[in-house]
Amino acid sequence: MGFLKDLTTLTRQGFEMQQRMDVGATMAQAQEQMAQASRLMAASMPAPTDARLEAQRLRTTATVVDARQLPMMIGMNSLVELDLHVLMPGGVPMPASRTEQLAPIHLARVAPGATLDVSLVPGRPDTLRVEWA
């Protein structure tokens, strides 16, 4: 008798929860979370390479100003937003931000003050790429 009473109670509680649930708000929240995840993944993916631009790419160094781990992982890789000061060939530092997928082994390399090897096309900060190898 106790089992059937508990089952009836659980069924009633489930129906009450279903009546209070706002399906539209739940779907809108899920859709916004998916859009945010898509934006983060697009920011961390390398842009398609253009052979003409690749020929102009310069190697230089960048200093990590700040590194923030984002609340998302792709496989075992963490998404990290990096604020960098890129040392341009003329000696002028250029501020830049970049979102990177980092393997756990590389997380220690992005501590503030660390120096990273980077490359970019002069005049095109959107082509900034961290050279991890």
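What follows is a short tour from overall layout to single residues.

Guide: This is a predicted model, in which local features need pLDDT of at least 70, side-chain atom pairs count only at pLDDT 80 or more, and totals for chains, interfaces and linings use all residues. Residues are numbered from 1 along each chain as its sequence is written, and side-chain values use heavy atoms, with hydrogens and water left out.

Visitor: How many helices and strands are there in the protein?
Guide: Helices (H or I, at least four residues) and strands (E, at least two) are DSSP runs, numbered from the N terminus. Here there are three helices and five strands, and from the N terminus on they run α-α-α-β-β-β-β-β.

Visitor: What radius of gyration does the protein have?
Guide: That radius is taken over C-alpha atoms, and the globule rule is 2.2 Å times the number of residues to the power 0.38. For a compact globule of 133 residues the value would be near 14 Å, but the protein has 24 Å. Its C-alpha atoms fill a box of roughly 80 × 30 × 20 Å along the principal axes.

Visitor: Which strands pair with E2?
Guide: Two strands pair if DSSP finds at least two bridges between them. E2 (residues 77-87) runs antiparallel to E3 (residues 93-102), with ten bridges; there, His-85 has Pro-95 as its bridge partner. E2 also pairs with E1 in the antiparallel sense, over nine bridges, and Arg-68 is partnered with Glu-81 in E2.

Visitor: What joins E1 to E4?
Guide: Six bridges link E1 (residues 58-74) to E4 (residues 115-121), again in antiparallel fashion. Thr-61 stands opposite Asp-117 in E4.

Visitor: Which residues take a positive phi in the hairpins?
Guide: In the E1 and E2 hairpin, with two residues between the strands, Gly-75 has a positive phi near 65°. The hairpin of E2 and E3 has five residues between the strands, and Gly-91 has a positive phi near 95°.

Visitor: Is Phe-3 buried or exposed?
Guide: Buried means under 20% relative accessible area, exposed over 50%, and partly exposed in between (1.4 Å probe, protein chains only). Phe-3 counts as exposed because its relative accessibility is 63%. This residue lies in helix H1 (residues 2-20). Across the 133 residues of the protein, 26% count as buried.

Visitor: What share of the contacts joins residues at least 24 apart?
Guide: Contact means heavy atoms within 4.5 Å. Among contacts between residues at least 6 apart in sequence, that share is 54%.
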